[in-house]
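Here is a short briefing to read alongside the sequence and the model.

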Amino acid sequence: TRVVTIPELLEALRASYTTENHQEVLQMYTGRDFLVLDDFGASENITPWGREQLYIIVNARYRLQSPTVFTTNLDPSRVMAEYGERIASRMHDRAMTVEAILTCADYRPTRREGKSV
């Protein structure tokens, strides 16, 4: 099992180019039995490169029917807009997807007048 935020994932992939082990790093995410991609949508204005890297991982896991959990604050139409149809179509394939909408208070402290509450 591996849990990773999208920004952390993209940073690991970016760094892997300098160490020439990009395929090994990709395998860390495509080859896991269970992967949680946390905070989908946290990468505002994702680059085409980042979108392509996510597609490679999501598509590989989709083809292998490997369990993948996506957490996001985005509604499905916004996922499509941010990440493109190729990724969104794999996330919303009704034959392979269970969508769970959880509503709860934000556990992170809020900031008011520069102070944590």
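F40 touches I6, L54, F70, T71, T72, N73, L74, Y83, I87 and M91, leaving aside residues up to four places away in sequence; contact here means heavy atoms within 4.5 Å. Please bear in mind that this is a predicted model, where local features need pLDDT of at least 70, side-chain atom pairs count only at pLDDT 80 or more, and totals for chains, interfaces and linings use all residues. Residues are numbered from 1 along each chain as its sequence is written, and side-chain values use heavy atoms, with hydrogens and water left out.

**The nonpolar core**

- The largest nonpolar core has 22 residues, of which I6, L9, L37, F40, L54 and Y83 touch the most other members.
- Two or more residues each come from helix 1 (6-18), helix 2 (22-30), strand 2 (35-40), helix 3 (48-64), helix 4 (76-83) and helix 5 (85-91).
- Such a core is a set of buried Ala, Val, Leu, Ile, Met, Phe, Trp, Tyr and Cys residues joined through side-chain atoms within 4.5 Å.
- Helices (H or I, at least four residues) and strands (E, at least two) are DSSP runs, numbered from the N terminus.

**Helix 1**

- I6, L9, L10, L13 and S16 are the buried residues to look at in helix 1; buried means under 20% relative accessible area, exposed over 50%, and partly exposed in between (1.4 Å probe, protein chains only).
- These residues lie on the same side of helix 1, because they cover an arc of only 120 degrees around the axis, taken from the directions from the helix axis to the C-beta atoms.
- After helix 1 comes E20, with a positive phi near 60 degrees.

**Salt bridges**

- The structure holds two salt bridges, each defined by a side-chain nitrogen of Lys or Arg within 4 Å of a carboxyl oxygen of Asp or Glu.
- One joins E11 to R14, with the closest N and O atoms 3.3 Å apart; both residues lie in helix 1, three residues apart, about one turn of the helix.
- E11 is partly exposed at 44% relative accessibility, and R14 is partly exposed at 40%.
- R86 and E52 form a salt bridge at 2.5 Å, N to O.
- R86 lies in helix 5 and E52 in helix 3, so this pair ties together parts that are 34 residues apart in sequence.
- R86 is partly exposed at 41% relative accessibility, and E52 is partly exposed at 32%.

**Charges over rings**

- R86 also lies over the face of Y55, 3.8 Å from the ring centre.
- R90 has its charged end over the ring of Y62, 5.3 Å from the centre.
- The cut-offs are NZ of Lys or CZ of Arg within 6 Å of the ring centre and within 35 degrees of the ring normal.
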